[in-house]
Amino acid sequence: MLTRSNDRLDLDLLVLPETNLILLASVIEPMRGANRIAGSELYRWRLLTPDGAPVLTTSGIPVPAAGAFSAAREDAPLFVLASYNWRQSATATLKMQLSQAARRRSVIAGIESGTWLLAESSLLDRLTATIHWEDFEDFSLAYPQVKAVKDRFVIDGKRLTTAGPLPTVDLMLEIIRQRQGYSLALEVSRLFSYEQVSFHNESQLSPSAAGLSMRDPRVASAVRLMEEHIEQPVMLSRIAKRVGVSARHLQGLFQESIGAPPHVHYLALRLNAARRKVIETKASFADIAAATGFNSASAFARSYRASFSESPSDTRRRLRRPVTPAPDSRSA
């Protein structure tokens, strides 16, 4: 699942009663966004419940199910979603089904309190996992055979765990990054524009910073400079000087804050801007290359293909929609 691929990934989501709607959305919405931005079905998901009946979320809104979860011969990744009162769902039958499913499923993920279900089913023994911070001490005491860590999400082999809704968004962005590359993950992150800032802070939230963890204001300032200079890219040494650090220090700040070096982030910004022009305009590829800081159309095409696994012309051809002629009212 976590290898570079543009093949469609099918996932099963086992939703337990009293799951938060935002937790379910944190899994689905990044995949939906990736599909929309890519213009193709990269991800497909199926909602399952323990008995196949709709389950009520904590907000009282029922979640419909495509069917009942079972230990059938399925190899698709399984995400177990739970928020409150997970013990009511941890029946002997469900735990046995999860244990049997683990023999066939390529990946099993515990989403928020879903981590409890995986641990209860002995699927996290001798592995590293995370859990919601409120449950960390209790979880650590209950399952000493699991190495519990205070992290937003953990990927340990075929087991994935998250510490809550927003960390789950982080996990989904990481899955997209590993499968389709940094550029698409960055563009999907722009859909999640929550960033807690002071009401007295005059600086604007950078569009590309949305959904990314900007722990250091110098990184946010550097990203804004990159966005302001898409057509004529600025050397990273000059960007570093503008934000008051050395180029080497800026490298470390980017890696710590968003998990990618500055040159990778800058290139992704330019490629995403180019891709929007490819899709939304009729501009020539030479003009698009010039508008996004590439020396030539051929250099642009090479970078574009390396990032999106298709050429700019392939993208236009694939997403071109035939125009349906308006009905002739006179023939009515």
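Where is Glu 112 found? Glu 112 sits in strand β7, which covers residues 108–112. The model is a predicted one. In it, the phi of Glu 112 is near 55 degrees, a positive value in a residue other than glycine. Most residues other than glycine have a negative phi. Glu 112 has a relative accessible area of 6%. Buried means under 20%, so Glu 112 counts as buried.

Ser 122 also has a positive phi, of about 60 degrees, and it is not a glycine. Its place is in the loop between α3 (114–120) and β8 (128–129).

## Helix α5

Helix α5 runs over residues 165–180. How far apart are its end C-alpha atoms? They are 22 Å apart.

Of the 16 residues of α5, 12 are buried. The helix is therefore largely enclosed by the rest of the structure. Among the buried residues are Pro 165, Pro 167, Leu 171, Met 172 and Leu 173. The buried set also includes Glu 174, Arg 179 and Gln 180. Just after α5 comes Gly 181, with a positive phi of about 105 degrees.

## Helices α12 and α13

Helix α12 covers residues 297–308. It packs against α13 at an angle of about 60 degrees. The axes of the two helices are 8 Å apart.

Which residues meet in this contact? From α12 come Phe 300, Ala 301, Tyr 304 and Arg 305. From α13 come Pro 312, Asp 314 and Thr 315. By type, the residues of the contact divide into 4 nonpolar, 1 polar and 2 charged.

Thr 315 deserves a separate look. It lies in helix α13. At 1% relative accessibility, Thr 315 counts as buried. Leaving aside neighbours within four places in sequence, Thr 315 is in contact with Arg 275, Val 278, Ile 279, Tyr 304 and Glu 310.

## The second largest pocket

The second largest pocket has a volume of about 500 Å³. Its lining is made of 19 residues. Which of them lie nearest its centre? They are Arg 276, Val 278, Ile 279, Glu 280 and Leu 319.

The largest share, 6 residues, comes from α10. By type, the lining divides into 6 nonpolar, 4 polar and 9 charged residues.

Two of the residues nearest the centre, Val 278 and Ile 279, are also contacts of Thr 315.

## A link across the sequence

Gly 39 lies in the loop between α1 and β2 (43–49). With a relative accessible area of 35%, Gly 39 is partly exposed.

What is Gly 39 in contact with, beyond its neighbours within four places in sequence? Its contacts are Arg 318 and Leu 319. Gly 39 and Leu 319 are 280 residues apart in sequence. In space they are 6.6 Å apart, C-alpha to C-alpha. Leu 319 is also one of the residues nearest the centre of the second largest pocket.

Methods: Residues numbered from 1 in each chain as written. Predicted model: local features only at pLDDT ≥ 70, side-chain atom pairs only at ≥ 80, totals over all residues. Heavy atoms only, no water. Helix = DSSP H or I, 4+ residues; strand = E, 2+ residues; numbered from the N terminus. Expected span 1.5 Å × (residues − 1). Buried < 20%, exposed > 50% of the residue type's maximum accessible area, 1.4 Å probe, protein only. 1 Å grid on protein atoms, 1.4 Å probe; cavity = no way out; pocket = protein on both sides within 12 Å on 5 of 7 lines; lining within 4 Å. Points joined across faces, edges and corners; volume = space filled by probe spheres on them. Nonpolar A, V, L, I, M, F, W, Y, C, P; charged D, E, K, R; others polar. Axes fitted to C-alpha atoms, helices over the stretch in contact; angles between N-to-C directions. Contact = heavy atoms within 4.5 Å.
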